[in-house]
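Please look at the model below before reading the points.

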Amino acid sequence: MNHLTNQILTFLREIGISYSLEPINSETFLPGLKLRAGTLIIDVEKLLYPGDILHEAGHLACMPQAIRNEMSDDLESGDLHNGGELMAIGWSYAACIYLGIEATVVFHEHGYKNSSESIIENFSEGRFIGVPLLQWLGMTYDENQARIHGLNPYPAMQKWLCTKRPE
């Protein structure tokens, strides 16, 4: 396992994202990754892009624990998981900044339906994807709310895991 993967896994362990290193013998949306009952399953032999770990972890991190614990396989379409995609993008960018790794690690050229360059450009220009939803969950603050609370704004995170209960 390479240094970058180890760095990401250490981060996940520190913030409380459950993962297991084990073979995956089925088709998956991202090579070497799948979700099983709130645990990120990682097949390091099939994993092509270590940054994909952060993105998938973002899906888990941005859901309340009750939902997180039920997340398995491919995520179904719907408002919850569509919003979850935006949050996972914002969360994984914040994780890149926190870990001191390039955004291209997560937003690589083989992902995001050929929009990774555009996503990186948006973040570098301060057009932050997913922040209103992350803020609604109390995980981070935009500049205005951070100023009010006397905290650092996004991409600084107040919480890495969603603790808000579903309404």
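1. Two strands pair if DSSP finds at least two bridges between them. Strands (E, at least two residues) and helices (H or I, at least four residues) are DSSP runs, numbered from the N terminus. By this rule β2 and β3 are an antiparallel pair with four bridges. The model is predicted, so local features need pLDDT of at least 70 and side-chain atom pairs count only at pLDDT 80 or more, while totals for chains, interfaces and linings use all residues. Residues are numbered from 1 along each chain as its sequence is written, and side-chain values use heavy atoms, with hydrogens and water left out.

2. The sheet is open and has three strands in the order β1-β3-β2, with mixed pairing. Its edge strands, β1 (19-21) and β2, each pair on one side only. β1 and β3 run parallel and are joined by three bridges. I42 in β3 is the bridge partner of L21, and I42 also stands opposite L33.

3. The β2 and β3 hairpin has two residues between the strands, and A37 in it takes a positive phi near 50°. On β2, L33 and L35 make up the covered face, whereas K34 and R36 make up the uncovered one.

4. Which strands does α2 lie across? It lies across β2 and β3, and runs at about 160° to β3. Such angles run from 0 to 180 degrees between N-to-C directions, with axes fitted to C-alpha atoms, for helices over the stretch in contact.

5. The largest nonpolar core has 46 residues, and F11, L12, L40, I53, L54, W91 and F107 have the most contacts inside it. A nonpolar core is a set of buried Ala, Val, Leu, Ile, Met, Phe, Trp, Tyr and Cys residues joined through side-chain atoms within 4.5 Å. Buried means under 20% relative accessible area, exposed over 50%, and partly exposed in between (1.4 Å probe, protein chains only). α4 gives the largest share of this core, eight residues.

6. I53 is in contact (heavy atoms within 4.5 Å) with T5, I8, L9, L12, L33, L40, I42 and L47, leaving aside its neighbours within four places in sequence.

7. Not counting residues up to four places away in sequence, A103 touches Y93, C96 and I120. A103 and I119 are 16 residues apart in sequence and 9.4 Å apart in space, C-alpha to C-alpha.
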